[in-house]
Amino acid sequence: MTSLSDRLGRGLIPAVLLLFSENSPGSAINMREGVTDMSQRIYGLHQISLWVVTIVGIVVFGAMFYSFFAHRRSRHPNPAKFHDNVKLEIAWTLVPTLILIAMAIPATTVLLDIEDNSSSDLTVLITASQWKWHYTYVEADIGFYSRLATTQEQIYNREPKEENYLLQVDNPLVLPTNKKVRFLVTSDDVIHSWWLPDFAVKQDAIPGYINEAWTRVDQPGLYRGQCTELCGMGHAFMPIVVEVRPEAEFDAWIADQRLAMALASETAVADRNKTWSMEELLPMGEEVFLEHCAACHQPDGMGQTGKYPALAGSEMTTGNIPDHLNQVMNGKADTEMQAWAPQLTDLEIAAVITYERNAWGNDTSDVVQPMTVYEAR
Amino acid sequence: MSTYGHADTGTRHPLVAFAARWLLTTNHKEIGTLYLWLSFTLFFIAGALAMGIRAELFQPGIQLIEPEFYNQLVTMHGLIMVFGAVMPAFVGLANWMIPLMIGAPDMALPRLNNFSFWILPFAFTLLLSSFFMEGGAPNYGWTFYAPLSTTYGPPSTDFFIFSIHLMGISSILGAINIIVTILNLRAPGMTLMKMPLFVWTWLITAFLLIMVMPVLAGAVTMMLTDRHFGTSFFDASGGGDPVLFQHIFWFFGHPEVYIMILPGFGIASQIIPTFARKPLFGYTSMVWAVGSIAFLSFIVWGHHMFTTGMPVFGELFFMYATMLIAVPTGVKVFNWVTTMWRGSLTFETPMLFAIGFVILFTIGGFSGLMLAIVPADFQYHDTMFVVAHFHYVLYPGAIFGTMAAVYYWLPKWTGHMYDERLGKIHFWLAAIAVNMTFFPMHFTGLAGMPRRVVDYSLQFADFNVVSTIGAGLLGLSQVLFLYIVVKTIRGGPKATAQVWEGAEGLEWTVPSPAPHHTFETPPVLEDSSGDAHG
Amino acid sequence: MNSTSRSKLNHTSLLALLAVGMFGFAFALVPLYEVFCELTGINGRTSGQAETASPAVKDSKRVFTIQFLARTGKGLAWEFRPTVQEMQVKPGEIHTTWFYVRNRANKAVTAQAVPSISPGLAALHLKKIECFCFNQQQLAANGEMEMPLQFYIDAELPEEISTLSLSYTMYPVPEMKITQIETGNEVKVR
């Protein structure tokens, strides 16, 4: 991380100078042109309206500043008396109207093209939840979660921040080049918004409803974006990364994913046919807990008063196992408690439940086996 | 700040007398003063919350404020600024000035006036107390979108709902009072088209308030029943629609934006002619422009929702309607510039703030026009660009407008001139700091920084440093403002009745400070040539 | 009472009436929005009403793709999926497809499917003759079933729409809102 004084020095350079150093990583100042036809056309619209308001601003403020100078009392002691001029007033109603019409026409054209969702090659269902994204390739029937990969150490300034701080995920969305990709966007809990500036795609994810957007990217590469609708405390921490690959590589990737899924299910079979001991499950469970559960329930299992229930000594974690299992696997309606069955493996769920039932003084001595989890699926 | 007590002080303890005077007052000037002080207090509280936000955003990473608390700060900053700082400030100015400007002895419904003020301290105590509740203060942004605020809201949400109800009642009663006063208590000869523009803008603002505050009350009532009584207005799982919440909210919310700016238009239209020593240009078109803006404000709410999956015909309608607002707004700006044109300008503090208002508000209007372009809005929406836009509209619009008004009328209220040198320092500090704080947000927003985030990636670091330093300066400049106001109340050169050489209008015919009771017999309007418009 | 105070009273009551009216208007927006959505299909919610009319096939050259998506809400221990992922459909053709559900819980559970279609404008043109989403559905402990959806797409579907995605999200129904338990699965609601 750069030193504070360094940043201060760079930050205080007048904006005029920054205009000439648009590529300095700390000081991007304009909209990104992006990599799709649509994002470039939108950039064009942005530039047009920016120039229109700049010119109007120069004229209006110019007149005003001239007046400050030429009509100040020391130079112009006797004020004029006029207070009406019908022609002038008609002119400055009509001229702006014409300018607005001139701006509205290209905007309308671009908008109609954006809203043309027809004939797509590929559909991706994007499901938002607090605070991660899930992508399903509808035709290929492949799905996975995509979570922030930046570490807590970096966020809390205990480690230096990497270049793509807050803009890294564990599993990026992979898309092929030169294909019209249709996005269906929805949410499991609150409203989120999926934004990828380089594609100029921003679509709200609304629970219970699906929205639609599309893109077509020609250049392979890594593109980054973020959630743009306030969605709770993790709002700043659910980035979007899209990796665009040439079509052949994309097909190979899909095949790889299928293979990986098959391997994972083999591992799962092996895992659930084994009987696990408490000693094996506890450290695994602690790891899962810290990664997925501790943000709300806290590492000490005490929860947050009034918001997230404590797990230490609670009825859920010391009561009967099927209820506990059901709550973890399927979530709880109308709360922030998510369904973890689709997100974690049988072994991980078994481990975390075993951990919760034996940590923080919850000495139930219960050991939950992956097989039990599997049977509850 | 008149010192005329009218309550019977008798043998009571001075403190009791003091409390009784302010608690029971029905005098429009005293109630105006109460509103202004309440607004000032809440302005500092909400400003302190903003300092917390900016401090956390000084650098990437989480340093001072946890994400959950950050969301509470963002929410409460917005709510208190909108409902606590801006709206009561304008109502306070209306209370003080409307009767003086139209030659009325008081507001039409003085006891109601007292009631609508005294609701507010309770409403805001309730709202602020939520910081100390289990689960913390509201944390879903001032727009409180469902289901984040309903199903997922903290327990304090119910207190928030109740306090919104109280604020709504206060605003509606205040607005009714203002309309009834303007329609019934004008001095003989003061026809509607001779009213000062501040009165006109407030008349229209009051109608907006009466039409939209009940809609907000309806929205929060639906939230309440969704939360506790099993309805599902906004809950998809019960057959409701979260997007419906946004429609109802913005049906309130967009006119609300104009509620926070129209009285500012009125103030600029009073001050600029005074210091240009020239009548306001285009009085009639000014009135029509305010009316059209108010009308249009009811049919543009959808422009806040372009990314919610609105069908293309909806997007086109709201885009065109929104762009149309630029026309009457442009007319107003052109009129102000032409009022100054070939005038005889001097730049006392009220004029400086009015000019700052016109320039910076216009910049906010420009970014507003850009935001109306739907395809481009897909890139701007919910980024810091929007934050820059509405702070450019509201800080110079509502806050600079109010400050211009305070400097302009403070001599009338206190009988003392403020310290002109300090006033100018205040203006320049505030003007520089406002731009330092909010201009860089255009850049970070365009470059891709979402709004309402507690942490951001490294590419946005530099401009956030500038913003935070600007915000600190801005906060300090307002402490100076407090000092100037207090100093003026306590003493200073005596102000004449007219105060400003170029000032015209009934409020300048009464002595400074304005006596406790004014215009008990209606004033006689002088020659009614069009020049009398202030 | 002099004329000013009478006029004040009149104005005050009219304005108060306006305020009360606007409070009512906020609530009126709810059904208005629903009617508006039903007329225009803007929020992508398909109708909860069963269609009976058999349509005339006008344009047999057009073929649409309809995709089926099934999701479950939090707290519902159900497996829920379409048995067919997508179908090629001509305007006016009546089709039936089935959605599979299985209750993983050890107790009976009632749930309601909430439909959403994209593009939203297609909501007007997707006509359901029979749908499991018309009713609350109950499954016994560990029970399973296939639920029917019978529909057609009318020929007025806008030209530019070629692919439709029909999504159902299955939400648990809280006990107080379970409308009626019958033997079997069919429970009437809406």
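How many residues of chain B are in contact with chain A? In this predicted model, in which local features require pLDDT of at least 70, side-chain atom pairs count only at pLDDT 80 or more, and totals for chains, interfaces and linings use all residues, 88 residues of chain B contact 88 residues of chain A. Residues are numbered from 1 along each chain as its sequence is written, while chains are lettered from A and ligands numbered from 1 in the order in which they are written. Contact requires that C-beta atoms, placed from the backbone, lie within 7 Å.

Elements giving two or more residues to the chain B side include α3 (67–102), α10 (312–340) and α15 (461–490) of chain B; helices (H or I, at least four residues) and strands (E, at least two) are DSSP runs, numbered from the N terminus. The largest share, 14 residues, comes from α10(B). This side comprises 54 nonpolar, 24 polar and ten charged residues, where Ala, Val, Leu, Ile, Met, Phe, Trp, Tyr, Cys and Pro count as nonpolar, Asp, Glu, Lys and Arg as charged, and the others, Gly among them, as polar.

The contact between chains C and A takes 24 residues from chain C and 29 residues from chain A. On the chain C side, β1 (64–72), β5 (109–118) and β9 (163–172) of chain C each give two or more residues, and β9(C) gives the most, with five residues. The residues on this side divide into eight nonpolar, 13 polar and three charged.

Within chain A, strand β4 (residues 173–176) runs parallel to strand β10 (residues 239–245), joined by four bridges; pairing requires at least two DSSP bridges. A:Leu173 stands opposite A:Val242 in β10(A).

Definitions and conventions: Two residues are in contact if their C-beta atoms, placed from the backbone, lie within 7 Å.
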